[in-house]
Amino acid sequence: MPGIRETRVLPYSCEQMFALVSDVARYGEFLPWVIATRVRSDSEEEMIADMVVGFKSLRESFTSKVTKQRPNLIEVQYIDGPLRDLDNVWRFEPLADGGCSVDFCVDFTFKSKVFEALAGQYFDKAFRKMVAAFEARAKQLYGSSSSSAQIVA
């Protein structure tokens, strides 16, 4: 299963980043290609959510189970949609300066090997655009700090 991972050091707390990432209902406000979301159920530990993503005339729906361990971990498991599999994990580790390290990884498998080969060429760029959108949203919600965000290989 192809995958991608990125770690960033941000000036926001684990709780702030956890709140941002777990607020699936607002993804359409800031994430590229997200057209709509619907939270079917939500509790402190688990959420079931639908997401519609699209580009131009292409539209696809996904259903995922989100497991939450506040404020350090969010795991997203694919339930239904056009892929064979799509899982992602967010880890938030506190730092001494009050910020946090955010580790985000995505693993995916398309039903069609041909489509996987084609889409795989663009997935890295799309992934980085989404990570940047989360970072920009954090800055919008929580302000900036004298610390700057860093990408950690």
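Mentor: A salt bridge is a side-chain nitrogen of Lys or Arg within 4 Å of a carboxyl oxygen of Asp or Glu. Keep that cut-off in mind as we look at this model, which is a predicted one.

Trainee: Then what makes the pair Asp23 and Arg26 a salt bridge?

Mentor: The N to O distance between their side chains is 3.5 Å. The limit is 4 Å, so the pair qualifies.

Trainee: Why is Asp50 called buried?

Mentor: The relative accessible area of Asp50 is 13%. Buried means under 20%, so Asp50 is on the buried side of the cut-off.

Trainee: How far apart in helix 2 are Arg128 and Asp124, which also meet in a salt bridge?

Mentor: These two are 4 residues apart in helix 2 (residues 113–142), which means about one helical turn separates them. Arg128 is partly exposed at 34%, and so is Asp124 at 36%.

Trainee: Which residues are linked with Arg128 and Asp124 in a network of salt bridges?

Mentor: Glu6, Arg8 and Glu135 join Asp124 and Arg128 in that network. Over the whole structure, the search finds 14 salt bridges.

Trainee: What makes a set of residues a nonpolar core here?

Mentor: The residues must be buried, of nonpolar types such as Val, Met or Phe, and joined through side-chain atoms within 4.5 Å. The largest such core has 35 residues, and Met17, Val21, Tyr27, Ile74, Trp90, Phe92 and Phe134 have the most contacts inside it. Its largest share, 6 residues, comes from strand 7.

Trainee: Which residues does Phe134 contact, leaving aside its neighbours within four places in sequence?

Mentor: Phe134 is in contact with Leu20, Val21, Tyr27, Phe30, Leu31 and Trp90.

Trainee: What makes a space a cavity and not a pocket?

Mentor: In a cavity a 1.4 Å probe fits but cannot get out, whereas a pocket is open. The structure holds 1 cavity of 30 Å³ or more, and the largest cavity has a volume of about 90 Å³. Residues lining the largest cavity include Glu6, Arg8 and Glu135, along with Trp90 and Phe134. Strand 1 gives the most to this lining, with 4 residues.

Trainee: What is the volume of the largest pocket, and which residues are closest to its centre?

Mentor: The largest pocket has a volume of about 1,300 Å³. Of the 40 residues lining the largest pocket, Trp33, Val53, Phe62, Phe123 and Met130 are the closest to its centre.

Trainee: How many residues of the lining of the largest pocket are nonpolar, polar and charged?

Mentor: The lining of the largest pocket divides into 32 nonpolar, 4 polar and 4 charged residues. Helix 2 supplies the largest share of that lining, 9 residues.

Technical notes: Residues numbered from 1 in each chain as written. Predicted model: local features only at pLDDT ≥ 70, side-chain atom pairs only at ≥ 80, totals over all residues. Heavy atoms only, no water. Buried < 20%, exposed > 50% of the residue type's maximum accessible area, 1.4 Å probe, protein only. Contact = heavy atoms within 4.5 Å. 1 Å grid on protein atoms, 1.4 Å probe; cavity = no way out; pocket = protein on both sides within 12 Å on 5 of 7 lines; lining within 4 Å. Points joined across faces, edges and corners; volume = space filled by probe spheres on them. Nonpolar A, V, L, I, M, F, W, Y, C, P; charged D, E, K, R; others polar.
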